[in-house]
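Here are my notes on this model, point by point. Please read them with the structure open.

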Amino acid sequence: MTRIADLLRAGRTLSFEFFPPKTDEAALALRTTIAELDELHPSFVSVTYGAGGSTRERTRDVVIAIEREVGLAAMAHLTCVAHTRSQLDSLLDEYHAAGVENILALAGDPVLDDDGRPIDGEFEYSLELVELIAEREQFSIGVAAHPEGHPRSVDLATDRRHLATKLEIADFAITQFFFEAEPYLRMVDELAALGCTKPVLPGIMPVTNVGQVTRFAQLAGAAFPAHLADRFESLADDPAGVRALGVELATELCQRLLDEGVPGLHFYTLNRSTATRDIARELDLTQ
Ligand code: FAD
């Protein structure tokens with residue numbers, strides 16, 4: 001059973017996100033990370049896709065290698081902006097032929113050509129990709145959720161309605177990372193008020209490097225709360241202290257989410273295993 005919809009029906013999931021490595025050395029490092037995380041018995045892992053298809057082959061190859069050689073259920077991220085239907089169909093054909101059963105259907109960010117003009121494609125919103133994949137009846141489909149609202153949303157209520165609409169067809173959502181439980185819990189309540197009770201997996205990004213997380217958070221529209229930033233600020237010259245605090249705060253966040261009955265935990269690993277393994281140990285998720 002490797003469809004994520006089935007895994008979620010069976011119980012709480014634990015999952016890890018990777019990005020496709022660029023070099024042989026990075027590929028070897030990812031292999032090591034996956035082997036180290038295997039001790040946590042992940043329900044599935046996922047592999048990101050570069051905007052506009054910039055990692056098309058690399059993402060495909062890593063996803064298929066994880067399924068076939070490592071024997072883990074792998075979910076391929078796929079974006080539709082700046083793509084044609086036939087490009088997406090041929091990639092979906094390859095995944096299906098290789099036994100991959102899970103796709104995270106995303107819009108992706110606008111892709112610009114060398115002159116700064118948006119590259120045209122046949123798709124604008126993730127819902128169109130969700131519909132295209134659902135027609136095939138071959139994959140369990142996930143979508144992205146943004147607890148604090150997508151940065152391009154006109155307002156939060158409209159964003160929630162678009163999310164609820166895509167979840168009418170998709171099986172589950174995974175959230176952008178967030179640092180405090182409230183925006184996630186509010187989002188789940190707001191979806192329920194719209195009649196949507198599909199599982200929404202919280203995305204957890206342990207802070208191991210303050211500059212990097214602040215940059216990511218700005219891009220992703222996730223607030224990095226001032227009171228947490230202040231605690232990291234006082235450790236500016238102490239990388240080990242930053243890591244330890246990052247693990248402590250992510251552990252507290254996960255514990256709160258587990259107490260609230262989340263359907264699973266999805267970790268943004270940045271292709272490293274240590275922080276995630278430390279958190280899993282603290283939470284006693286290791287058996
Ligand atoms: P959509 O669902 O299309 O939403 C985008 C915006 O449009 C939102 O503001 C929404 O409210 C609005 N909207 C939706 N439908 C409509 C409609 N019918 N009419 C008007 N407005 C509408 N990016 C990558 O490039 N590669 C990845 O691998 C990747 N992985 C991700 C994984 C997760 C878990 C998450 C949360 C994000 C990921 N992203 C990735 C980022 C994502 O592609 C961007 O956030 C992108 O800008 C929007 O994608 P979406 O699927 O949320 O878009």
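1. Two strands pair if DSSP finds at least two bridges between them. Helices (H or I, at least four residues) and strands (E, at least two) are DSSP runs, numbered from the N terminus. With that in hand, Thr 13 stands opposite Gly 264 in β8. Strand β1 (residues 13-18) and strand β8 (residues 264-268) run parallel, joined by 5 bridges.

2. The model is predicted: local features need pLDDT of at least 70, side-chain atom pairs count only at pLDDT 80 or more, and totals for chains, interfaces and linings use all residues. Residues are numbered from 1 along each chain as its sequence is written, and side-chain values use heavy atoms, with hydrogens and water left out.

3. Now the whole sheet. A barrel closes from 8 strands, in the order β1-β2-β3-β4-β5-β6-β7-β8, with parallel pairing. On average, neighbouring strands of this sheet are turned by 25° against each other, direction ignored.

4. Next, the helices on the sheet. Helix α3 (residues 56-70) packs there and touches β1, β2 (44-47) and β3; contact means heavy atoms within 4.5 Å. The direction of α3 makes about 165° with that of β3. Helix α10 (residues 239-259) lies across β7 (200-204) and β8, at about 170° to β7. Axes are lines fitted to C-alpha atoms, for helices over the stretch in contact, and angles run from 0 to 180 degrees between N-to-C directions.

5. Which residues come nearest to the ligand? Of the 25 around it, they are Tyr 49, Asp 109, Ser 126, Asp 159 and Lys 166. Near means that a heavy atom of the residue lies within 4 Å.

6. Check the ligand's oxygen atoms. One is 2.4 Å from an N or O atom in the side chain of Asp 109. For the side chain of Ser 153, the distance from a ligand oxygen to an N or O atom is 3.0 Å. Elements giving two or more residues to the shell around the ligand are β3 (74-79), β4 (102-106), β5 (140-145), α6 (156-169) and β6 (172-177).

Technical notes
A polar contact is a pair of N or O atoms within 3.5 Å; within protein, one must be able to donate a hydrogen and the other to accept it, and residues adjacent in sequence count only if both atoms are side-chain atoms.
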